[in-house]
Amino acid sequence: MTERDTYKPLYLVIAEDLRSKIKSGELPADAQVPSERGLCATWDCSAITARRALTELRNEGTIYTLKGKGAFVSSQKRPLIRVAPDRFHRANKHVAAYRREAEESGIDIQVDWETERTEAPAEVAERLGIEEGDPVTETAYKISMGGEPISMSLAWEPLAITGGTEIELPHEGPHAGAGIVPRFDAIGRHVDMEEELLRARMPERHEISQLKCPPGVPVIEIWQTFWADDLAVEVAKIIFRADRYAFRYRLPIH
């Protein structure tokens, strides 16, 4: 038991003690952590204090709870590093950015995708600079690491640009899965700008289900837009599990 720091609330002291045991491996992944009653006995504290300590760990994703069974240690896998802005450089054109980042991190990822032709939703049409209902391709992605989902996304491309070309379907043809820069280079549209709007929030119900988010773990939402000159050629909405991704930005200073 960690020596009591009298200048710190007891629930935080208890949380730190459990956190150190998890980091040391004394409490490995999926091991059950002490119950509220057990913590009360060990620390001579109230049930409210014990509950706050467990809530602290659950909210940061360190533990998860199963109804009627108790609290358990979350799997502490190394996060995937998403690097910006050089992830789209043409020198890296033969491999999609997320696959290259996984390789550089020594992480095995699995990618599931499905493309359909559909009509542009209003928020997508506005970002693409087209009319609501205009024809687009919509590709849904789900990326997993070690069999556990870490991100999901939807990407839209206007068929007014890609329709009838060899890149109309992102994962078919000679440039299948190559990434947006080389794909659009192939039809004479040279992508030269990418914008990302990022925010952290709590996951929606369907995101919790698809990403298997532990209680209290937030997601990072990114709206991504690619331009070739002044023409928007793709918009994507990407949802990352915040405990499975880290973001590194390296920006030139002009």
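The buried residues of helix α2 pack against α1 (10-24) and α3 (47-59), where contact means heavy atoms within 4.5 Å. The model is predicted: local features need pLDDT of at least 70, side-chain atom pairs count only at pLDDT 80 or more, and totals for chains, interfaces and linings use all residues. Residues are numbered from 1 along each chain as its sequence is written, and side-chain values use heavy atoms, with hydrogens and water left out.

**Helix α2**

Helix α2 spans residues 36-43, and its buried residues are Leu39, Cys40 and Trp43. These buried residues line one face of the helix, because they fall within an arc of 105° when α2 is seen down its axis. The arc is taken over the directions from the helix axis to the C-beta atoms. Arg37 and Ala41, on the other side of α2, are exposed. Buried stands for under 20% relative accessible area, exposed for over 50%, and partly exposed for values in between (1.4 Å probe, protein chains only). Helices (H or I, at least four residues) and strands (E, at least two) are DSSP runs, numbered from the N terminus. Just after α2, Asp44 takes a positive phi of about 50°.

**Positive phi in two loops**

Two further residues with positive phi are located in loops. Lys212 sits between α8 (205-211) and β8 (219-228), and Asp229 sits between β8 and β9 (231-241). Neither residue is glycine.

| Residue | Phi | Relative accessible area |
|---|---|---|
| Lys212 | near 55° | 55%, exposed |
| Asp229 | near 60° | 61%, exposed |

Ser151 belongs to strand β6 (residues 148-158). With a relative accessible area of 4%, Ser151 counts as buried. Leaving aside residues up to four places away in sequence, Ser151 touches Tyr141, Lys142, Ile143, Leu211, Ile239, Phe240 and Tyr245.

Leu198 belongs to strand β7 (residues 193-201). Its relative accessible area is 39%, so Leu198 is partly exposed. Together with Tyr249 and Leu251, Leu198 forms a nonpolar patch on the surface, with about 310 Å² of accessible area for the three residues together. Patches are made of residues with over 30% relative accessible area and no salt bridge; like charges are joined within 9 Å, and nonpolar side chains (Val, Leu, Ile, Met, Phe, Trp, Tyr) within 5 Å. A salt bridge is a side-chain nitrogen of Lys or Arg within 4 Å of a carboxyl oxygen of Asp or Glu. Accessible areas come from the Shrake-Rupley method with a 1.4 Å probe, and for residues only the protein chains shown count as cover.
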